[in-house]
Amino acid sequence: MLWSLRGLTVLDTRFNAELREDGILLLGEDRVLASVPLALLTRPGTAAERGTAVAMTLEGFYDAAWRASPQLRQAGAERMLASGFEELFNHLDPYSRYMTAEDARAARERRVGQSGLGLRVAVQGGALVIDALTRDGPAALAGIRAGDRLLAVDGRPLGPREPGLAARLLEGPEGSEVRLTVLRAGRRRSFTLIREVVVPETVTAERSNDILFVRLSGFSAVTDRRLTQVLRDAFAEGVPRGVVLDLRGNRGGLLSQAVSVADAFLTDGEVMRTEGRHPDANRRYLAGGQDLAERLPVVVLVDGRTASSAEIVAAALAERGRAAVVGSATMGKGLIQLVAPLPNGAELLVTWSRILAISGWPIQGLGVLPALCTSLGPEVMAQGLAALRQGEAPMGRMLARQRAARVPVLASEIAALRNACPPAEGRDDDRVAARALIETPAAYARAVRGP
């Protein structure tokens, strides 16, 4: 309660919240605006009853502050709520937070999609054009192409200075109809489309030198299905020499999808585990699928922006000896949040449990270390490849220390492990290293063997 009430002082410095022997007080410049005896908040009862007492008390305090402060009323109720939650979460962990209704809607769209047409517009060459299409979305299936110039939506003309207006006109209720007018090769064309829920594309693939490179940009509700289809289609065209799973820049997403993606390369055994203070937070996640890569070499690319669900996949495939990890130390985001919707459309993200790799070390803070480091430069990378060819593990000692780590891990140990291969943004050398491992069976075998 005190932390939340102190959020009011961010907006109006005349407020002060104090804990005294007889209760909690909200003070204005020269008077008590609201108070509650401690006995009312600490009396016996269930957790739900105590929570309700705190909530009702805070409601009264916030109402008193609102009536007493022109600054609060000018900031608005949404900003007042956000400030209170921000101050509260500042005392908890790095990832619990309050999301406004707008931010919450955007996050839901990334997870489960939005009602639309599966296209993106951008200003190019002084014109408003279709910049990208979602595979199998309404626009792509109707025959609209990237590069088409967007002239009008439902007869409303659009110009290059109106990308925001275009985006709003393109969105709408699921099942509703919209008519687009585009210009292609000097000819006007009209398309009538039906809006549907379109999940952002998170899986792309390319084949280079007979190696399949699969990039995962995030973990949406259908990432596992699209990955499965990409792998099956690629193998149907001809078995590649190996698969490179590119998780660089992947900030994560749905936890269930991380398990399903790892499941695409594992037939059984553990993928990850979680633990927390509540008994329901302690879980083990097992694989039970089919190795869609058909036991071929798999290399996982990571960088300093690889986080959360992407780290789960990298750690699981590395510890199970199914893939060699290449790149740098990852972000180290190993906490799971529950999403609690609020009546105003906003959401609370509250940390529920921590993620542990198979051998028991925490991903939070440590991140995932690669078997072959590229962030220290080409010379160190070349030395690492040479060592792997000779049956030596250049990151072996640090990987062993990481897998032996247990909560709580000293800050000095975290720093020492991460400095062994500092987090960095992905680079071209990552793909070069991945190809070298796949083309050198002895080096690959040593990289997947572990410490």
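Tutor: A charge sits over a ring if NZ of Lys or CZ of Arg is within 6 Å of the ring centre and within 35 degrees of the ring normal. This is a predicted model, in which local features need pLDDT of at least 70 and side-chain atom pairs count only at pLDDT 80 or more, while totals for chains, interfaces and linings use all residues. Residues are numbered from 1 along each chain as its sequence is written, and side-chain values use heavy atoms, without hydrogens and water.

Student: Which residue lies over the face of Phe213?

Tutor: Another charge over a ring is that of Lys333, 4.8 Å from the centre of the Tyr95 ring. For Phe213, the distance to the ring centre is 4.0 Å, and the residue is Arg431.

Student: Which residues do ring pairs link into a cluster?

Tutor: Rings of Phe, Tyr and Trp (its six-membered ring) pair if their centres lie within 6.5 Å; planes under 30 degrees apart count as stacked, over 60 as edge-to-face and the rest as tilted. The structure holds 2 aromatic pairs. The centres of Phe85 and Phe89 are 6.2 Å apart with planes at 15 degrees, so these rings are stacked. The cluster joins Phe85, Phe89 and Tyr98.

Student: How many residues apart in sequence are the parts that Phe85 and Tyr98 tie together?

Tutor: The Phe85 and Tyr98 rings are stacked, because their planes make 10 degrees at a centre distance of 5.1 Å. Helices (H or I, at least four residues) and strands (E, at least two) are DSSP runs, numbered from the N terminus. Phe85 belongs to helix α5 and Tyr98 to strand β4 (residues 97-99), so the parts tied together are apart in sequence by 13 residues.

Student: Is Phe89 buried or exposed?

Tutor: Buried means under 20% relative accessible area, exposed over 50%, and partly exposed in between (1.4 Å probe, protein chains only). Phe85, at 22%, counts as partly exposed. Phe89 has a relative accessibility of 7%, so the class is buried.

Student: What does helix α9 reach from its first C-alpha to its last?

Tutor: The expected span of a helix is 1.5 Å times one less than its number of residues. With 15 residues (223-237), α9 is close to the expected value, reaching 21 Å.

Student: Which elements do the buried residues of α9 pack against?

Tutor: The buried residues of α9 include Leu227, Val230, Leu231 and Phe235. Contact means heavy atoms within 4.5 Å. The elements they pack against are β13 (203-208), β14 (211-216), β15 (242-246) and α10 (255-263).

Student: At what angle to β3 does helix α3 run?

Tutor: β3 belongs to an open sheet of 3 strands with antiparallel pairing, in the order β1-β2-β3. Two strands pair if DSSP finds at least two bridges between them, and 5 bridges join β2 (residues 23-27) to β3. Axes are lines fitted to C-alpha atoms, for helices over the stretch in contact, and angles run from 0 to 180 degrees between N-to-C directions. Helix α3 (residues 47-68) lies across β2 and β3, and its angle to β3 is about 170 degrees.

Student: In β21, which residue is the bridge partner of Arg273?

Tutor: Strand β16 (residues 270-275) is largely enclosed by the rest of the structure, because 5 of its 6 residues are buried. β16 pairs with β17 (residues 283-286) over 4 antiparallel bridges, and Arg273 stands opposite Arg284 there. With β21 (residues 347-356), β16 forms 3 antiparallel bridges. The partner of Arg273 in β21 is Leu356.
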